[in-house]
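Dear colleague,

Please find the structure below for your records.

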Amino acid sequence: MSRVAFRRAVAADAGAAADVWLRSFAAALPTVVRPRSDDEVRSHFRHVVVPLRETWVAETAEGLIGVMVLDGDQLSQLYLDPDWRGRGVGDRFLELARQRRPHGLTLWTFQVNTPAHRFYERHGFVAVERTDGSGNEESEPDVRYVWRP
């Protein structure tokens, strides 16, 4: 198995991070309609996510395999290349997030994403709110999770 390194994203990572997001979203959420085109997602990573958020990447010698974004106390994104799911990278990202936000974290995930529910609940997150999706761009019912130490 390739060695995985975690580091803060830099501007040059935006395209590869967006590509990880696109592959992961397509694999994990095939029934969720994305409100943005691939090019809009890449632009959002380039102009907003990487320069304005605390963005972390996981990489191997072959390239980026994961992206995590913290925005205040919110874990706003955690996406892995589909080939890297179940290999401990998500666990390590959550460990990093907890180090960066030791007083607690919140996050949203779609209700249809049951593997994410299991993952976060296994790591001590508790579901505290369910919505009909009217508050997100995808209009997809979601769940808010909270972790407190």
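The residues lining the largest pocket comprise 21 nonpolar, twelve polar and twelve charged (Ala, Val, Leu, Ile, Met, Phe, Trp, Tyr, Cys and Pro count as nonpolar, Asp, Glu, Lys and Arg as charged, and the others, Gly among them, as polar). This is a predicted model, in which local features need pLDDT of at least 70, side-chain atom pairs count only at pLDDT 80 or more, and totals for chains, interfaces and linings use all residues. Residues are numbered from 1 along each chain as its sequence is written, and side-chain values use heavy atoms, leaving out hydrogens and water.

The largest pocket holds about 1300 Å³ of space. A pocket is, on a 1 Å grid over the protein atoms alone, an open set of points where a 1.4 Å probe fits, with protein on both sides within 12 Å along at least five of seven lines; lining residues have an atom within 4 Å of a point. Of the 45 lining residues, Ser 76, Gln 77, Leu 78, Tyr 79 and Trp 108 lie nearest the centre of the pocket. Strand β4 gives the most to this lining, with seven residues. Helices (H or I, at least four residues) and strands (E, at least two) are DSSP runs, numbered from the N terminus.

Helices α1 and α2 pack at an angle of about 130°, their axes being 9 Å apart (axes are lines fitted to C-alpha atoms over the stretch in contact, and angles run from 0 to 180 degrees between N-to-C directions). By class, the contact of α1 with α2 has eight nonpolar, no polar and four charged residues.

The axes of α3 (residues 89–100) and α4 (residues 114–122) come within 11 Å and cross at roughly 50°. Helices α3 and α4 are therefore also oblique to each other.

Notes:
Parallel < 35°, antiparallel > 145°, perpendicular 65-115°, else oblique. Points joined across faces, edges and corners; volume = space filled by probe spheres on them.
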